Amino acid sequence: MGRFSQYNTILVSIPSLDCTWNSSVIFVLTSLCTTYLKFTNLIFKKAGTPVAGNDEFEKNMELVEEEAYSRGLSPEAISLMLEFAMSLRMGNTPCARVLKFLIPASVVPQDAVVRAVVWLTVGKIPVLFLKWFLTMFDMIDGKDQLRAIYGFIFSFIMDENMCPFVCHLLYLLTRKESGKQDGRQPFLLHLLSLYKVFCPELVTLSIPSRMRTGFRNHISPWKSALIAVQKRNSVQVAPSISLAFTNKEKSSSRKRVWKSVPASGYDYVSVRKVVPMAQIRSFDQMLENMHRIELPAQMGSLLDSSLALQYLDCVQDESALLRLNFWLGYALQEEFLFAGDGGSSQNSAEALPFLNKLLSAQHFLQEGFSSTEAFLYKFLKVWDGSLLRPQILSLLSNIPVVPSSQMGRLLFEPLMQLFFTSSLFFKCGLMECLNNMLSKWLTWHSVYALEDDLDISLNSHTSTNMTLTGFKDSVMELINFVGRLASVGLQLENSHTLLLSFVLDFYETVCDTFLKYGLPLVVLPPPGVFYPALFATDPVSVDRLAHIMNRYKVSLTSAKSQEKLGEQSFRVSRQTFHEFNQYLINMVNCLWNSKMFEPGMGVQLGEELLLRSGVPEPWTSFSFIHHPAFMGYAFNFHQRCWPGRKDTDLNSIKHPKPWSWYVEYLMNQGYDGLKHFVQCNLTLPPGAGDGPDK
């Protein structure tokens, strides 16, 4: 029994499915010996035919093998060869060889699989057969007889070698009529998780909300051959029998593919009357049959259908989402983490439509899948930052809130390595991704926060909750992390305008965490972001910084007034007010008062260094007149005011009347952020403005 001896004392209930074998199953089993004798006589003429040195046998095997790999075997041939392989009439080696080239041209007969399952009791190659069974599961032309012997298949779960594969098989066969088993192995837990969804009163074991992959990605010897055969036969196969592994677009992947499931992949026969999802044609029809809908065996086909996604969004039974999450986790890890070819361009092209389809489904549901989240945490550690970058970053932006204690290990460490070793465009893409992530987290808070502000449900399909304090800690960790990335990234890229634009996008979200999203949190940008924006060479960046400062001022003023009235449950720290006031004073002194580099300013330079620079009046270098972002407007204004002058003296704009005209001219250029900043933080005399020297 090995490691399964620990389960001997646990109550085991054989599934409650009605295991009464119908007449067709009995007929299949009773005709087993007769069919087998006919088959062996056909191939070997008489019993006892030797294998070693039998040239005729080897020649026949090669002919069948060549036919299987080129065009696939017919259902009748599959039946005969499968029974021959499982009977071990000629020993392990040739029978295992036969099993390895059992590549169907169309479908696999269900009765042949049932007969093969019976041979498990006497065979010596059960694991190889179960791998073949799982690979061909979606191509079997029916599941009713297999479900009729559910209990028989279940009995093999105590075999140590077969248990992982049997659990995987039972996971695919299980419906609500099935029952309970126990154990702590991941493959048993995945099967139990499905049992618990269907029959929670029968499964008393606590199932972890997050589990590692239960059914391992076993390298299948049939997948590449099967897809090759299907590509050759694609013109000849009828549309009604299109194979589950066939890609409607160009495809040559060895791995499980995510395309639509054939009609033969559904089980229409059940103890209860069911309606296959493939037969649902309208939303009204879906509502009428909500509790009778039969999901496909290949759950990936749900991503193709908007009706299926609506069903996932409406249905109360979590088995649908559980199955889809399992399928997605398996497909994502097989395609990316366990790919033996290192993610070639061909496979990347094949994965692109799948990821786009997954993103479309997540956008439709307005939330991500837990299996996608688990995959991303693993994939980030091996990602080169370029493979399918837009899709991976879009998936990353959809992950739910991560506890602050785990953010460093799961997100920050791999993302930091990628950020500092990648191009400018990756840095911009990551900033956009993290901004979208923060926006979605804040939106989840504003939608799912309870009235008493005690718990926040992070996902409508899970029971994962987080306290408001924990949520604030996670948001603050994310904001501070982006602040560190942005500060260093702007230094590395010489304050590139494109990167600065994405950084300011992020802080436009941050400045509204309190007013727009109702989260009692105010986090200011670090100096490494504020000053590059203030000294930017383009006026748009300075204007956006002014808008951000305006929003911060409104948030802090609102928080302070609510605090005085006793209506606010949090207090903004004095340090935050001090930092904001310092930023505000520096911005006014820089742009308006021409007092840059003076003592007490955020940016200070020694007098000796300023003299060595050779810049006349360096304290005026970043005023509205001399600032690199606005100097072009100053020249244009000067030419309009003094068109006859041959020499240009921008200092003449400092005089009171020209200064007021210039400020009015500048505010009419469409920079609403700057205009509002000046109106809210500076007082102009009526009819004229004070010059920067006053």
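Buried means under 20% relative accessible area. I apply this cut-off to the aromatic residues of a predicted model.

**Entry 1: aromatic pairs.** I searched the whole structure for aromatic pairs, and the search gave 23. I then looked up F129 and F133, whose ring centres are 5.7 Å apart with the planes at 40°, so I recorded this pair as tilted. Both residues belong to helix 7, which covers residues 126-135. They are four residues apart in that helix, so about one helical turn separates them.

Entry 2: I looked up the relative accessibility of each partner.

**Entry 3: F152 and F156.** I noted that these two residues form an edge-to-face aromatic pair. The centres are 5.4 Å apart, and the angle between the planes is 90°. Is F156 buried or exposed? I found a relative accessible area of 11% for F156, which means that this residue is buried. F152, in turn, has a relative accessible area of 24% and is therefore partly exposed.

**Entry 4: charges over rings.** Over which ring does the charged end of K427 sit? I found it over the ring of F419, at 5.5 Å from the ring centre. I also recorded K560, whose charged end sits over the ring of F577, 5.3 Å from its centre.

Methods: Residues numbered from 1 in each chain as written. Predicted model: local features only at pLDDT ≥ 70, side-chain atom pairs only at ≥ 80, totals over all residues. Heavy atoms only, no water. Phe/Tyr/Trp six-rings, centres within 6.5 Å; stacked < 30°, edge-to-face > 60°. Helix = DSSP H or I, 4+ residues; strand = E, 2+ residues; numbered from the N terminus. Buried < 20%, exposed > 50% of the residue type's maximum accessible area, 1.4 Å probe, protein only. Lys NZ or Arg CZ within 6 Å of the ring centre and 35° of its normal.
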